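Please read this briefing alongside the sequence and the model.

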Amino acid sequence: QHSASELILVEDEMTDTEDNEEEDLGVMDDQRSVILHLISQLKLGMDLTRVVLPTFILEKRSLLEMYANFMAHPDLFLSIAAGATPEERIICFVEYYLTAFHEGRKGAVAKKPYNPIIGETFHCSWDVPKDKVKAFRTNGASMVSKDPTKEFGQDQSTCYKLRFVAEQVSHHPPVSCFYCECKEKKMCVNAHVWTKSKFMGMSIGVSMVGEGVLYLMEHEEEYVFTLPSAYARSILTVPWVELGGKVNINCARTGYSATVTFHTKPFYGGKVHRVTAEVKHNPTNTIVCKAQGEWNGTLEFTYSNGETKVIDTNKLPVIRKKIRPIAKQGPLESRHLWQHVTNSLKEGNIDAATEHKHRLEERQRAEERQRVALTTLWKPKYFAKEGDGWLYLNPLWKT
């Protein structure tokens with residue numbers, strides 16, 4: 001067991017150049033027959049955890065890296081701690097939360113990230129310009145006028161450092177954990193997610209079971225939150241993703257909570273990607289903020305004092321993550337681990353990608369059999385099981 005700090009040298013990290021854009025093509029005819037064959041073997045409601053899906057529907061990154069994209073607007077995330085009152089802080093959290101999903105879903109076509117193998121890890125960080133992290137009431141005007149093409153200055157002294165680590169801690173059930181911290185802002189988030197997929201005819205539903213906790217040490221506040229389900233729709237033609245379900249954000253200490261509802265499109269008519277939210281002060285039963293719009297489009301916030309604010313997620317500047325080059329990554333780090341699959345997919349060589357993926361999965365199965373034979377339990381590197389959840393081994397509040 002290494003300590004995290006001796007392994008991961010932040011100095012080695014470079015701004016990520018991967019664009020993660022996926023070609024927005026529909027399903028090819030020969031691929032459609034593969035999917036039809038697969039569907040013919042599935043039953044409604046069937047758990048897809050152990051079903052091997054065809055390689056051509058894969059997105060060129062691991063699920064662990066997709067979780068890092070929740071932080072694509074780290075300036076909004078760090079602004080939560082800048083809120084002057086508990087009310088402002090939970091509203092900031094909701095604003096950040098509602099904008100956290102669109103960056104992970106770049107292409108219009110639904111593709112599936114790689115299932116992380118047990119022990120897989122992903123590390124990255126962000127340099128967040130301090131002048132972008134503002135208290136709640138002042139950050140309204142600056143949201144819209146930014147030029148999203150401008151890269152932020154990388155002068156370290158004017159930036160906050162936000163670090164991220166994710167790890168696949170269990171294979172059956174598939175559980176991923178991630179932890180993110182900013183020492184200067186005394187804030188961190190710890191989450192564990194168990195993805196369950198099931199077959200629903202022309203859709204595949206993925207529920208994200210588990211929760212995350214945001215810790216604001218300066219205010220001694222903990223915000224517990226859950227995640228929505230995702231659905232891959234019309235899997236035979238041009239598959240697309242929608243989010244659905246009710247999500248809760250709760251701070252026991254301050255008595256504030258929020259409900260966020262991701263609305264799935266009704267069968268006839270109706271809009272896609274709709275989301276509504278309300279923030280409530282429970283002791284007085286007062287609604288202090290309402291939001292509505294699209295999670296990948298425009299969001300409108302209305303506050304109890306009558307003020308409103310609009311955030312266009314497509315115009316929000318994205319701060320690119322920093323990641324170490326593959327040559328400096330360990331063998332179980334996502335990009336290093338999946339590099340041959342990714343390169344084959346980029347070249348359009350599906351057979352080679354399938355072969356590389358198969359090798360990784362076979363190795364994982366062999367190691368699993370060996371552990372069963374020796375009755376040894378897998379011991380994660382960065383997280384430990386606590387009750388129903390998992391906690392990062394040395395979180396900020398312990399130091």
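**Briefing: rings, cysteines and confidence**

Tyr179 has a relative accessible area of 2% and is therefore buried (buried means under 20% relative accessible area, exposed over 50%, and partly exposed in between, with a 1.4 Å probe and protein chains only). This is a predicted model, in which local features need pLDDT of at least 70 and side-chain atom pairs count only at pLDDT 80 or more, while totals for chains, interfaces and linings use all residues. Residues are numbered from 1 along each chain as its sequence is written, and side-chain values use heavy atoms, with hydrogens and water left out.

**Aromatic rings**

- Rings of Phe, Tyr and Trp (its six-membered ring) pair if their centres lie within 6.5 Å; planes under 30 degrees apart count as stacked, over 60 as edge-to-face and the rest as tilted.
- The count by this rule is 19 aromatic pairs.
- One of them joins Tyr67 and Phe70, whose ring centres are 5.9 Å apart and whose planes meet at 45°, so this pair is tilted.
- Tyr67 is buried at 2% relative accessibility, and Phe70 is buried at 12%.
- Tyr179 and Tyr392 form a stacked pair, because their ring centres are 4.0 Å apart and their planes are at 5°.
- Tyr179 belongs to strand S6 (residues 175–182) and Tyr392 to strand S19 (residues 389–392), so the pair ties together parts that are 213 residues apart in sequence.
- Helices (H or I, at least four residues) and strands (E, at least two) are DSSP runs, numbered from the N terminus.
- Tyr392, with 10% relative accessibility, also counts as buried.

**A charge over a ring**

- Lys196 sits over the face of Trp194, 4.3 Å from the ring centre (the rule asks for NZ of Lys or CZ of Arg within 6 Å of the ring centre and within 35 degrees of the ring normal).

**Cysteines**

- A disulfide is a covalent bond between the sulfur atoms of two cysteines.
- With a disulfide taken as a pair of cysteine sulfur atoms within 2.5 Å, the count is 0.
- Cys124 is in no disulfide, and its nearest cysteine sulfur, that of Cys180, is 7.5 Å away.
- Cys124 is buried at 2% relative accessible area, and Cys159 is buried at 6% relative accessibility.

**Confidence**

- The chain has an average pLDDT (the predictor's confidence in each residue, from 0 to 100) of 83, and 82% of the residues score at least 70.
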